Amino acid sequence: MTGGCGFIGSNLVKYLRRERPGWTVVNLDKLTYAGNLENLSELEGDPQHVFIRGDIGNRELVEHVMSVHGIDAVMHLAAESHVDRSILGPEEFVATNVLGTQRLLEASRARGVQRFLMVSTDEVYGSLGPTGAFTESSPLQPSSPYSASKTSSDLLALAYHHTFKLDVVVTRCSNNYGRYQFPEKLIPLMVVNALHDKPLPVYGDGANVRDWLHVEDHCQALLLALEKGRAGEVYNIGGGAERRNIELVKAILGLVGKPESLIQYVKDRPGHDRRYAIDPSKIRAELGWTPAHTFEQGLAETVRWYVDHPAWWQRVTSGAYLQYFDTQYRTR
Ligand code: NAD
Ligand code: DAU
C-alpha cells in the first residue's frame, strides 16, 4: 500500500489487518505533513505491518521494496490531497500525483503485480448542477490543480491497463470523514476550531454540497474492489449523504454545544466546485457493496472521537507528531 500513514490509508491498514489477518501489509509512505505514523501506533510490533519511509516517485526504491517483500498487489493512496494547498502551490501535486503515480505504475508493470488498485476521486468529474449524480461515464472535467493531477493519475492507470495489460481497477469516491483526518479538512477543522471557540470559516455562501462517505465504508469498498473488481473498470463509491456545508457546520456546532455565532463567512475558494453527488449503482450491483453507516450516526461518533482525543489533534496542529518517526523508528 502507498500512503498508509494518511487519513484513509491508516484506517485501511488497520481494516486490512483485521479483515485479512493472513496478509502482510507493506506500507510505503513519505511522511509528508499529512502522514502520521502515530495513527498506526496500535500496530507497533506487528510483524505483518511493514512500514517503509519513502517516495513513490523513487522508482529504484519502489522496485527494491516490491522485490524484497514479494509484492503481489498495490493499493495506491499516496497523494497530495488538499484542494486549498493545490491552489497555493500546484507543483508538488504534479510531482507526487502525476509523476509519482506513473513511476509506481512502471515499477508495478516491471514487477508484474497481479492487481493495481488506483484510489481516485469524484473530483475528476468536476461540478454538478442542482440535480443528478456522477456515474462512471460522466465526462471528466476537473477544476482545481488537485483534481486535474488526480485525473491525470487516474487516466494513466487506465492507460497502463489498455496499453500494457497491467491489471488495474480505479475507484472514485466522494468526501470521506472519520477518525484521524488531518484538521485542514472541513469536518475536523470545524470541530477543532469550535472546541477552541475560534471562528468557523465557511467559504462563499456555504451552499456548496458534498456527498459524505464514512472512511470504514470506503475501506470495505476498496477491499471488495481489490478482490472482486473487474480489470480495467472504474467504480464510483459514495455514501448517499449529500449535505450543504452550512448545514453540516451547524450540525457540528450542535454536537459540541457551541453557538452558531462562531460561523464566519469568508472569501470563496477560487474555482470552488458547487456540488458533488455519486451514483454508486455499479459497485452495489457488481460487488454487493452497501455503506453500513448513516451520516447522522457516523458524524456524531466522529465528532465524539475528536472531542475525546485532544492529544492527537493538538500534536497534529502543533507539528509535534512529526518527531514520532524519529523516536519510534530511527532509535530502534
Ligand atoms: P492524506 O493527505 O491524509 O494522506 C496522504 C498520504 O500520502 C500521507 O500519509 C502522505 O505522507 C503520503 N504521501 C504524500 N506524498 C507521498 C509520496 N510522494 N510518496 C509516498 N507517500 C506520500 O490523504 P487521504 O485523505 O487519506 O487520501 C488518500 C487518497 O484518497 C488520496 O489519493 C486522495 O486523493 C484520495 N481521496 C481522498 C478523499 C478524501 O475525502 N479524503 C476522497 C477521494 C479520494
Ligand atoms: O470529493 C473528494 C475530495 O474531497 C477528495 O478528493 C479530497 O482529497 C478531499 O480533500 C475532499 O476535497 P474537498 O475540497 O471537498 O474537501 P474540504 O474538506 O477541503 O472541503 C469540503 C467543503 O468545505 C468544500 O466545499 C470547501 C468547504 N470548506 C472547506 C474548508 C477547509 C469551507 O467552507 N471552509 C473550510 O475551511
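Which helix and which strand each supply at least two residues of the shell around ligand 2? In this predicted model, local features need pLDDT of at least 70 and side-chain atom pairs count only at pLDDT 80 or more, while totals for chains, interfaces and linings use all residues. Residues are numbered from 1 along each chain as its sequence is written, and chains are lettered from A and ligands numbered from 1 in the order in which they are written.

The elements in question are α6 (186–195) and β7 (200–203); helices (H or I, at least four residues) and strands (E, at least two) are DSSP runs, numbered from the N terminus. Of the two, β7 gives the largest share of this shell, three residues. Altogether, 19 residues surround ligand 2, and S81, T121, K185, L186 and Y203 are the closest. A residue belongs to such a shell if its C-beta atom, placed from the backbone, lies within 6 Å of the molecule. By class, the shell around ligand 2 holds seven nonpolar, seven polar and five charged residues, where Ala, Val, Leu, Ile, Met, Phe, Trp, Tyr, Cys and Pro count as nonpolar, Asp, Glu, Lys and Arg as charged, and the others, Gly among them, as polar.

Turning to ligand 1, 30 residues surround it, with G3, G6, A34, G35 and A79 the closest. Here α1 (7–19), α4 (91–111), β4 (115–121) and β6 (175–177) each supply at least two residues, and α1 provides the largest share, three residues. The shell around ligand 1 comprises 12 nonpolar, 13 polar and five charged residues.

Over residues 2–302, the chain is 40% helix and 17% strand, with the end C-alpha atoms 24 Å apart.
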